[in-house]
Protein chains: 2
Amino acid sequence: MVEDEPMCTYYRQSANLISRRWTPLILKVLLLRPCHYSEIARMVGNISDRILSIRLKELEEQKIIQRTAFDDIPVRIEYTLTAKGEALNEVIDAIERWGTEWLPEPEEGATQQACPPQKIS
Amino acid sequence: MVEDEPMCTYYRQSANLISRRWTPLILKVLLLRPCHYSEIARMVGNISDRILSIRLKELEEQKIIQRTAFDDIPVRIEYTLTAKGEALNEVIDAIERWGTEWLPEPEEGATQQACPPQKIS
């Protein structure tokens, strides 16, 4: 029964890619503009160096981001979305639209901050 | 600098919700139709009972799914998306479109299965 098997391999793979902690936040930052490691770390906020390095490596292996080293002293490394990565803007936008539409509902104990958020340290 | 702080609280919250392992797969199953626990487990595939229970509980607490117990013997429990959960179809669709468009690219060592996938045990 096809209708009982809703998931193709492509969906599984892309869902697994998106559903890694911090990945949607890293992508959101890089959709803004190419960034250095420290800028990503600051804007994502609260992410450990170890995990951020792992996530960036994963995204680079998936050809979603490109890592470019510039010949400066000290060496300057920039992360940029590839076309494949830029195309994820539809997913990121959909997540944002859903959050804006559905999360402001009153929920017990939850406090909400307005958009844009307070500056991250 | 607003443009340097791309993430509002709502985006962070919805991204954190989506970026939990298995959650996009569970949502995809429930977008098909209301399901019993065992159906979700079968269609998601390879998920442990412990983790599936945790994920369903989380989604219920977020009011994304509703758990209904029917008065049968043995008791029958069905999981259904709420309106808030149904609205996540835009996110799920965007993930699927991206996967279909970008993942079929030849990548070293990766084998792809056509949609629809082989039946999950």
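These notebook entries record what I looked up in the structure.

**Entry 1: the model and its elements**

I noted at the outset that the model is predicted. I then listed the elements of chain A and found 6 helices and 3 strands. I read them along the sequence, and the pattern of chain A is α-α-β-α-α-β-β-α-α.

**Entry 2: the sheet of chain A**

In what order do the strands of chain A lie in the sheet? I found an open sheet of 3 strands in the order S1-S3-S2, with antiparallel pairing. Strands S1 (35-36) and S2 (65-70) of chain A each have a single partner strand and stand at the edges, so each has one side without a neighbour in the sheet. I recalled that strands of a sheet pair through backbone hydrogen bonds, either parallel or antiparallel. I next looked up the pairing of S2(A) with strand S3 (residues 76-81) of chain A, and 6 bridges join these antiparallel strands. Within this part of the sheet, I located Ala69(A) opposite Ile77(A) in S3(A).

**Entry 3: the sheet of chain B**

I turned to chain B, where 3 strands form an open antiparallel sheet in the order S1-S3-S2. Here S1 (35-36) and S2 (65-70) of chain B are the edge strands; each has a single partner strand, so one side of each lacks a neighbour in the sheet. I counted 2 bridges between S1(B) and strand S3 (residues 76-81) of chain B, which pair in the antiparallel sense. I found His36(B) opposite Glu78(B) in S3(B).

**Entry 4: burial and the nonpolar core**

I looked up burial in chain A, and 43% of its 121 residues are buried. Chain A exposes about 6,500 Å², of which carbon and sulfur atoms supply 51%. Which residues touch the most other members of the largest nonpolar core? This core has 66 residues, and the answer is Ile26(A), Ile40(A), Ile64(A), Ile26(B) and Ile40(B).

**Entry 5: the aromatic rings**

How many aromatic pairs are there over all chains? I recorded a count of 0. I then looked for charges over rings. Arg76(A) lies over the face of Phe70(A), 4.3 Å from the ring centre.

Conventions: Residues numbered from 1 in each chain as written. Chains lettered and ligands numbered in written order. Predicted model: local features only at pLDDT ≥ 70, side-chain atom pairs only at ≥ 80, totals over all residues. Heavy atoms only, no water. Phe/Tyr/Trp six-rings, centres within 6.5 Å; stacked < 30°, edge-to-face > 60°. Lys NZ or Arg CZ within 6 Å of the ring centre and 35° of its normal. Pairing = 2+ DSSP bridges. Helix = DSSP H or I, 4+ residues; strand = E, 2+ residues; numbered from the N terminus. Buried < 20%, exposed > 50% of the residue type's maximum accessible area, 1.4 Å probe, protein only. Areas by Shrake-Rupley, 256 points an atom, 1.4 Å probe, with all protein chains shown as cover. Core = buried A, V, L, I, M, F, W, Y, C linked by side-chain atoms within 4.5 Å.
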